[in-house]
Amino acid sequence: MPRVVILDYGSGNLRSAERAVQRAGADVEVTADHRAALAADGLVVPGVGAFAACMEGLLSVGGEKIIGTRLAGGRPVLGICVGMQILFERGVEHGVTAEGTGEWPGTVERLHADVLPHMGWNTVRAPESSGLFAGLDADTRFYFVHSYAVRKWELDSGLAGQQPTVTWAHHGEDFVAAVENGPLWATQFHPEKSGDAGAQLLRNWLRTL
């Protein structure tokens, strides 16, 4: 049974994420302890709310160093919702720019859509090569709650020299719904709120640990 740490930096549905990853087949600990986070087979970085607030919380526990150290050693990390967004260079909300961890280039911006937030179930367009969405049909729906997203993918060559696998969704316009890039995977939607589909996705990630 793989050991997974859910990083506790004051943001995210920690307990729902904990239960979902446990049900998917992992031994789970919720903590901000550096040693535990670095030693775990997998690290989950959740996040809800504003980009800047999540980054402030992440920095307060040294989470950016934990993520960077794990990735430098090829150790798996999974970002969820704003936990995905903070992996990019910056976020712009209400005219205020906040710096992210910079693992990927790009900017998190407000979606151009008639109805915001984008809340509810939506399909995604995953490449056939995706391991994250393996075993899931093209019309499978996942649960989203967000008003901001990455609208343009800017990285050609990814971590460990591997070509990133980018999954897209549409709400008013196309946006990045998930990324698989070497040991760093992330989803804009909430697997822990996505029922059987989310459980399958989490099992797919756990198989890589």
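The following conversation goes through a predicted model and asks what stands behind the words used to describe it.

User: What makes Cys81 count as buried?

Analyst: Residues are called buried when their relative accessible area is under 20%. Cys81 has a relative accessible area of 3%, so the word buried applies to it. This residue lies in the loop between strand S4 (77–80) and helix H5, and its phi is near 55 degrees, a positive value in a residue other than glycine.

User: Why are S6 and S10 called the edges of their sheet?

Analyst: The sheet in question is open and has four strands in the order S6-S5-S7-S10, with mixed pairing. Strand S6 (96–99) and strand S10 (148–150) each have a single partner strand, so one side of each is left without a neighbour in the sheet. Direction ignored, neighbouring strands of this sheet are turned by 20 degrees against each other on average. Helix H3 (residues 51–60) packs on the sheet, where it touches S5, S6 and S7, and its direction makes about 30 degrees with that of S6.

User: Which strands stand at the edges of the sheet of seven strands, and why?

Analyst: That sheet is also open, with mixed pairing and the order S2-S1-S3-S4-S13-S12-S11. S2 and strand S11 (165–171) are its edges, because each has a single partner strand and one side of each is left without a neighbour in the sheet. On average, and with direction ignored, its neighbouring strands are turned by 25 degrees against each other.

User: What makes S4 and S13 partners in that sheet?

Analyst: Four bridges join S4 to strand S13 (residues 184–187), and since at least two are needed for a pair, these strands qualify. They run parallel, and the bridge partner of Ile80 in S13 is Thr187.

User: What lines the largest cavity, and how do its residues divide by class?

Analyst: The search of the whole structure finds one cavity of 30 Å³ or more, and the largest cavity has a volume of about 30 Å³. Its lining is made of Gly12, Asn13, Ala17, Pro46, Gly47, Val48, Ile80, His190 and Glu192. By class, these divide into four nonpolar, four polar and one charged.

User: What is known of the largest pocket, and which residues lie nearest its centre?

Analyst: The largest pocket has a volume of about 180 Å³. It is lined by 13 residues, and those nearest its centre are Gly49, Val82, Val145, His146 and Ser147. Helix H5 (82–85) and strand S9 (141–146) are the elements that give two or more residues to this lining. The classes in the lining are seven nonpolar, five polar and one charged.

User: Which residues of helix H1 are buried, and what do they pack against?

Analyst: In H1 (residues 14–24), the buried residues are Leu14, Ser16, Ala17, Glu18, Ala20, Val21 and Ala24. They pack against strand S1 (3–7), strand S2 (27–31) and helix H6 (195–206). Just after H1, Gly25 takes a positive phi of about 120 degrees.

User: Which peptide bond is cis, and where is its proline found?

Analyst: The bond from Leu116 to Pro117 is cis, with omega near 5 degrees. Pro117 is found in the loop between S7 and strand S8 (118–123).

Note on methods. Residues are numbered from 1 along each chain as its sequence is written. This is a predicted model: local features need pLDDT of at least 70, side-chain atom pairs count only at pLDDT 80 or more; totals for chains, interfaces and linings use all residues. Side-chain values use heavy atoms; hydrogens and water are left out. Axes are lines fitted to C-alpha atoms, for helices over the stretch in contact, and angles run from 0 to 180 degrees between N-to-C directions. Contact means heavy atoms within 4.5 Å. On a 1 Å grid over the protein atoms alone, a cavity is a set of points where a 1.4 Å probe fits but cannot get out, and a pocket is an open set with protein on both sides within 12 Å along at least five of seven lines; lining residues have an atom within 4 Å of a point. Grid points are joined across faces, edges and corners, and a volume is the space filled by probe spheres set on the points. Ala, Val, Leu, Ile, Met, Phe, Trp, Tyr, Cys and Pro count as nonpolar, Asp, Glu, Lys and Arg as charged, and the others, Gly among them, as polar. Buried means under 20% relative accessible area, exposed over 50%, partly exposed in between (1.4 Å probe, protein chains only).
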